Structure formats: C-alpha cells, structure tokens
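Here are my notes for you to read beside the model. I have kept them to a handful of points.

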Amino acid sequence: MTIGKKMTDALNGQIKEEIFSAYLYFAMAADYESKDWPGVASWMKVQAQEEMGHAFKIYNWINERGGKAVFEAIDKPQESWDSALELFEGALKHEQHITACFYNLVKIAREEGDISTEIFLQWFVTEQVEEEANASEIVGKIKKVQDSQNGMYMLDKELSIRSAAPAQSDSQS
Ligand SMILES: [Fe+2]
Ligand SMILES: [Fe+2]
C-alpha cells in the first residue's frame, strides 16, 4: 500500500529532526574538541553518525513505500556549553523531545490506519528508550564526579571507548 500524504509529511518532518540531532551532536563534539575533551567529542561524533543513520532509515522507508522524501531547512544548533553537565543534560532533554516526536508519529500512523509504518516506528520507540538511558546515565556519572578533575579525566577516557555501532541503524528495513 502506498504511503499517504499525511504520514509522508510527518516522516519528512522526522528526517529533519534526525538531521538536526546529528547537527546538534556535531556541534557538541566540536565544542568539546576545542575544549580538549577528546572522549566527550568522540562520543558525540558517534552519536551524530547514529542520528544520520536514523535519517537514512526513514528516508529508505518513505521510498520503499512509494513516497518521496522532502528536505526542510535545518536550524542552527547551539554553539557552546558551559559544562559537561549542561552538555549531557542538553542531550537528554533533546532525546526526550525526540521520543515525544515518535509518540506523535505512532499516533498519526494509527489515525491513518498505516499499520506497516506503525510497526516500522516501533524500532525507533525502543531505540529512544536506550537513547534517553545513555544520556541519563552519563548525567548521573558527571553529577557523581562533580568538580573532580580526576573524575572528569577518567570519564572522558571511558566515553572515548564508544565506537560506531555496526550499520544496524542505517540498514534498509
Ligand atoms: Fe535519532
Ligand atoms: Fe538520538
């Protein structure tokens, strides 16, 4: 069944959200790269890549269903953050916003009777639980080390370990 216009428009809006997410995490990476926290920057760059993967996944879905992806203007992200705590709290808040976006997309899929898209969206709803948990866990760790330079040094090292997940998020579904 060809995808409907309302569903296509809503998914196109989400492509924009995902690319903005990549933009935001790229900006966070750049800020922390310039402040000499390579681990934080590396974590953010992996995150940015994953967000582009999400955009691709939605793009592929629209095409597969006979729709056409349309690209909207991407907003300029914030450029600088005062602390690592503010940075990761910003990431958490952003992911909570994205979760709300997916809830809304599921609602539209249900209203439109687009069961295929509703099932497709389940992957993202589950993914968002992890996205929020990851950001929230790091916020918790930063709060624990507080202003300890040693603690932050260790945390930066820990964050540098994260590497890009195998192309799971940008595969065709
Ligand atoms: Fe995403
Ligand atoms: Fe995300």
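1. The protein has 5 helices and 0 strands, and the pattern along the sequence is α-α-α-α-α. Helices (H or I, at least four residues) and strands (E, at least two) are DSSP runs, numbered from the N terminus. This is a predicted model, in which local features need pLDDT of at least 70, side-chain atom pairs count only at pLDDT 80 or more, and totals for chains, interfaces and linings use all residues. Residues are numbered from 1 along each chain as its sequence is written, while chains are lettered from A and ligands numbered from 1 in the order in which they are written.

2. On confidence, the mean pLDDT (the predictor's confidence in each residue, from 0 to 100) is 94, and 95% of the residues reach 70 or more. Over residues 168–173, however, the pLDDT is below 50, and this stretch has 11 contacts in the model beyond near neighbours in sequence.

3. Next, the overall dimensions. The radius of gyration, taken over C-alpha atoms, is compared with a globule rule of 2.2 Å times the number of residues to the power 0.38. For 173 residues a compact globule would come out near 16 Å, and the protein has 17 Å, which agrees. The C-alpha trace spans about 55 × 25 × 25 Å along its principal axes.

4. Of the 173 residues, 30% count as buried. Buried means that 20 or more other C-beta atoms lie within 10 Å of the residue's own, exposed means 12 or fewer, and partly exposed is in between, with C-beta atoms placed from the backbone. Among contacts with a separation of 6 or more, 78% come from residues 24 or more positions apart; a contact here needs C-beta atoms, placed from the backbone, within 7 Å.

5. How do helix 1 and helix 2 pack, and at what angle? Helix 1 (residues 5–34) and helix 2 (residues 38–64) meet at about 165°, their axes 8 Å apart. Axes are lines fitted to C-alpha atoms, for helices over the stretch in contact, and angles run from 0 to 180 degrees between N-to-C directions. The pair is therefore roughly antiparallel, a label for angles over 145 degrees.

6. Two loop residues deserve a look. Most residues other than glycine have a negative phi. Asp 36, in the loop between helix 1 and helix 2, has a positive phi of about 65°. Gln 146, in the loop between helix 4 (115–145) and helix 5 (149–160), has phi near 45°. Asp 36 counts as exposed because it has 9 C-beta neighbours inside 10 Å, and Gln 146 is exposed with 9 such neighbours.

Definitions and conventions: Two residues are in contact if their C-beta atoms, placed from the backbone, lie within 7 Å. Angles under 35 degrees count as roughly parallel, over 145 as roughly antiparallel, 65 to 115 as roughly perpendicular and the rest as oblique.
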